[in-house]
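Student: I would like to go through this structure with you. Please put it up and start with the terms.

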Amino acid sequence: MISHVLPTYNRAPIAFERGEGTWAIATDGTRYLDLGAGIAVNSLGHANPDLVSALTEQAGRIWHVSNLYNIPQQEQLADLLVEHTFADTAFITNSGTEAAELAIKMVRKYWSEQGDPDRYEILTFEGAFHGRSTGAIAAAGSEKMVKGFGPLMPGFRQLPWGDMEALKAAISDRTAAVMLEPVQGEGGIRPLPDADLRLIRGLCDQTGALLVLDEVQSGMGRTGRLFAHEWAGITPDIMMVAKGIGGGFPLGAVVATEKAASGMAAGTHGSTYGGNPLACAVGVRVMQIIAQPEFLAGVNRKGALLRQKLEGLIAAHPGVFEAVRGQGLMLGLKCKVAPADLVNAGYAEHLLTVGAADNTVRLLPPLNISDEEIAEAVARLDRAAGRLDG
Ligand SMILES: *Cc1c(COP(=O)(O)O)cnc(C)c1O
């Protein structure tokens, strides 16, 4: 008999009832050190007092009004996103997938309004993840996600990840946009070199194609800059944000330049829940904390500390680990064993990590993890790897 919860997930047999910062406490009282942060979502840890007060204060006032009315918290969040990024405007969503959908619609609408509605092809990269809607799976095109869900939405072409020659050959003045994650998350923490990101920006400028960056996972301070593309010194035309921006509350955004957003007039897009006062009150608080230069400097320092310790771990367990990659607190351990085996060994050591493609285990801790917790996490990873040695 089918389970009452639609059985689309492979779940670990653990349930959590409480959280405190970097710790998630299971129903049996076991304290797990959380290096997964709900897949890069709990950016400021569990039950963060600042976020609890932002949420509960708003909950006592008003939860939802709909976008029939002005929403001051939504305007405040948009102001912060514009102030701290390349963007001129923001649309608030409830998730990364919804952000992907709008980004795709915005590209198509832009060219349609330019009088070129047939210019709709978006170039994407293999190994990408943009969500699970029909549009987002068509964009990423992975066999695993699209099988059985055809016919797919047309208008996407996947290129081999990081293959700049393939991109040069594919892009033209008929290309509507290039869409990619600066660091692939689900794809296995695969960063695109800064030089390649600059090259892509240049190719977009030459052809007029819009550059759409999916920073749902790599954004909100995860790599040590507010958004990962800042490392390359370029800006996109459209960017998707989600995961870390809500600190655990469902929230996302599409931010864009005035030019890229120029097709999106009144009535062209909408959402019942998107930009509701509760989510935005939390998002404003998250932005106020993470966008501070001192906070981001802390992410860089802690990322370097964790990375250095992981290098030692790789040397100590050459049969388990191959390499560490990524930036800031978005790190991936490329494994020689099955990633699921390491994740399971982590559970046994009361440590939470997240598997990914390309034989990688992701470490995505809360961005305010302490130095002591980093040391403790590496000790637990060391014991977990010890279970798999030999
Ligand atoms: C998680 C993710 C998404 C989808 O976000 P949801 O909130 O799950 O809809 C899209 N793009 C990237 C890069 C992601 O990591």
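Tutor: Two residues are in contact if their C-beta atoms, placed from the backbone, lie within 7 Å. Helices (H or I, at least four residues) and strands (E, at least two) are DSSP runs, numbered from the N terminus. This is a predicted model, in which local features need pLDDT of at least 70, side-chain atom pairs count only at pLDDT 80 or more, and totals for chains, interfaces and linings use all residues. Residues are numbered from 1 along each chain as its sequence is written.

Student: What covers the buried residues of α3?
Tutor: A residue is buried if 20 or more other C-beta atoms lie within 10 Å of its own, exposed if 12 or fewer, and partly exposed in between, with C-beta atoms placed from the backbone. In α3 the buried residues are Gln73, Gln74, Leu77, Ala78 and Leu81. Their cover includes β4 (89-93), β12 and α9.

Student: Within what arc do the buried residues of α3 fall, seen down its axis?
Tutor: The arc is that of the directions from the helix axis to the C-beta atoms. On the face turned away from the buried side, α3 carries the exposed residues Pro72 and Glu83. The buried residues of α3 line one face of the helix, because seen down the axis they fall within an arc of 135°.

Student: Which residues does UniProt list for "binding site" along with Gly96 and Thr97 in the unreviewed entry?
Tutor: UniProt positions are given in the numbering used here, feature names are shortened, and annotations may be inferred rather than shown by experiment. Besides Gly96 and Thr97, the unreviewed UniProt entry gives Phe129, Asp214, Glu215, Val216, Gln217 and Thr272.

Student: How far apart are the farthest two C-alpha atoms of that list?
Tutor: The listed residues span 177 residues in sequence. They do not all gather at one spot, because the farthest two C-alpha atoms are apart by 25.0 Å.

Student: Is Asp214 buried or exposed?
Tutor: Asp214 sits in strand β10 (residues 210-214). Leaving aside neighbours within four places in sequence, its contacts are Ala100, His130, Met179, Leu180, Glu181 and Met240. With 32 other C-beta atoms within 10 Å, Asp214 is buried.

Student: Where does Arg132 lie, and is it buried or partly exposed?
Tutor: Arg132 comes from a further "binding site" record in UniProt, also an unreviewed entry, which lists Arg132 and Ser271. Arg132 touches Thr97, Ile137 and Met145, not counting residues up to four places away in sequence. Its place is the loop between β5 (121-125) and α5 (134-140). Since it has 16 C-beta neighbours inside 10 Å, Arg132 counts as partly exposed.

Student: How many C-beta neighbours does Lys243 have inside 10 Å?
Tutor: UniProt, in an unreviewed entry, places "modified residue: N6-(pyridoxal phosphate)lysine" at Lys243. Lys243 lies in the loop between β11 (238-241) and β12. Apart from neighbours within four places in sequence, Lys243 is in contact with Ile39, Ala40, Val41, Gly96, Val216, Gln217 and Met220. Lys243 counts as buried because its C-beta neighbours inside 10 Å number 28.

Student: Which element gives the largest share of the shell around the ligand?
Tutor: A residue is near a molecule or strand if its C-beta atom, placed from the backbone, lies within 6 Å of it. The ligand is surrounded by 15 residues, and the closest are Ser95, Gly96, Thr97, Val216 and Gln217. Thr97 lies in helix α4 (residues 96-113). The largest share of the shell, three residues, comes from α4.
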